[in-house]
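Dear colleague,

Please find below the structure that I am handing over to you.

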Amino acid sequence: MQKLLPTSTAGSLPKPSWLAEPEKLWSPWKLEAAQLTEGKRDALSLALQEQQQAGIDIVSDGEQTRQHFVTTFIEHLSGVDFDKRETVRIRDRYDASVPTVVGAVSRPKSVFVEDARFLRRKTSKLIKWALPGPMTMIDTLYDGHYKSREKLAWEFARILNQEARELEAAGVDIIQFDEPAFNVFFDEVNDWGVAALERAVEGLRCETAVHICYGYGIKANTDWKKTLGSEWRQYEEVFPRLQQSSIDIISLECHNSRVPMDLLELIRGKKVMVGAIDVATDSIESPEEVATTLRKALQFVGADKLYPCTNCGMAPLSREVARGKLQALNAGAEIIRTELSAS
Ligand SMILES: [Zn+2]
């Protein structure tokens, strides 16, 4: 029987200080050329080791080879000019200077497949691999070619599907698409966002997940959260459509956030990665705090479908804090496993 409540992380983990400046998003690399390639692989091995030592069941690359969860994937595509910058508003929240789509987009070669093979060789645990979702990708670019968010999203979905099929062939067990944009553009999500995501997973036999969160613990996000009121009901807008979708697992922010837990009822039947670790604070959860969040989620998610997880990526945290949080996640899950086996 598969272990109950298998733990995992949303994706990114802090990078070692010899590879990139710590506790920072978009942190520039400290190495170059062949040394950088080797450094990224060493960091990936370390990230794996830290997850395994903390008892994490479904491991990832900790996103050690990417500078950013969206941009690094796009950098490998043709049709996007990184020197031609335009300022756009990202997720209706903050302005950023972004690259421009100047022609038809395509993927000349695999982006992460070699990294995935490397990770597969190093562990026999289940592997989860994160890719950006189509809607979050278009929201990080200026489109000077298709002039249609929907058209560009379908193009990216086709490209993501190519990458996902190769990741599956490399031995990845769960492919996750990060779609924080699903928490913002509700009409588009329901009109074509979920459909584009389903295009990205077409033909896959491995499990698929979508991660929807309230973002990293950076200022633009914490300021935005202050405007959301006492109950965060954003998930309510997209859950009914997701419940009907072909995506197997929904990854959510649940700990220390104002998301009413009963919204999980709307995705009844899906597997749920329940965020039980807050990534926007340095204080490390106690195992009992983690267990409390999981216990609440169990009212709406079957024990066989609950996957304890982090709210979001931990890239901006210190390694020490991230390590503590991984251990807390595992210890909290263990409390609930014991309770379940006693009942
Ligand atoms: Zn996230």
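Ile249 stands opposite Lys271 in strand S9. In this predicted model, local features need pLDDT of at least 70 and side-chain atom pairs count only at pLDDT 80 or more, while totals for chains, interfaces and linings use all residues. Residues are numbered from 1 along each chain as its sequence is written. Helices (H or I, at least four residues) and strands (E, at least two) are DSSP runs, numbered from the N terminus.

Strand S8 (residues 249-253) is joined to S9 by 5 bridges, and the two run parallel. Two strands pair if DSSP finds at least two bridges between them. S9 is also joined to strand S10 (residues 306-309), by 4 bridges and again in parallel. Within S10, Leu306 is the bridge partner of Val272. Is strand S9 buried or exposed? Of the 5 residues of S9 (residues 271-275), 4 are buried, so the strand is largely enclosed by the rest of the structure. A residue is buried if 20 or more other C-beta atoms lie within 10 Å of its own, exposed if 12 or fewer, and partly exposed in between, with C-beta atoms placed from the backbone.

There is also an open sheet of 3 strands, in the order S2-S3-S5, with mixed pairing. Its edge strands are S2 (78-90) and S5 (142-143), each of which pairs on one side only. Strand S3 (residues 94-106) pairs with S5 in the parallel sense over 2 bridges, and Thr100 stands opposite Tyr142 in S5. Helix H5 (residues 149-169) packs on this sheet, where it touches S3 and S5, and its direction makes about 70° with that of S3. Axes are lines fitted to C-alpha atoms, for helices over the stretch in contact, and angles run from 0 to 180 degrees between N-to-C directions.

H5 also packs against helix H6 (residues 186-200), at an angle of about 25° and with the axes 7 Å apart. H5 and H6 are therefore roughly parallel to each other (angles under 35 degrees count as roughly parallel, over 145 as roughly antiparallel, 65 to 115 as roughly perpendicular and the rest as oblique). Their crossing is right-handed; a crossing is left-handed if the near helix is turned anticlockwise from the far one by less than a right angle, and right-handed if clockwise. Residues of the contact include Trp154 and Leu160 of H5 and Trp192 of H6. Two residues are in contact if their C-beta atoms, placed from the backbone, lie within 7 Å.

Arg149 lies in helix H5. Arg149 is partly exposed, with 17 other C-beta atoms within 10 Å. Apart from its neighbours within four places in sequence, Arg149 is in contact with Ile138 and Glu188. From C-alpha to C-alpha, Arg149 and Phe186 are 14 Å apart in space, and they are 37 residues apart in sequence.

A further helix pair is H9 (residues 287-297) and H10 (residues 319-342), whose axes come within 7 Å and cross at roughly 55°. That angle makes H9 oblique to H10. H9 passes H10 in a right-handed crossing. Among the residues that meet there are Val290 and Leu294 in H9 and Leu329 and Ile335 in H10.

Yours sincerely
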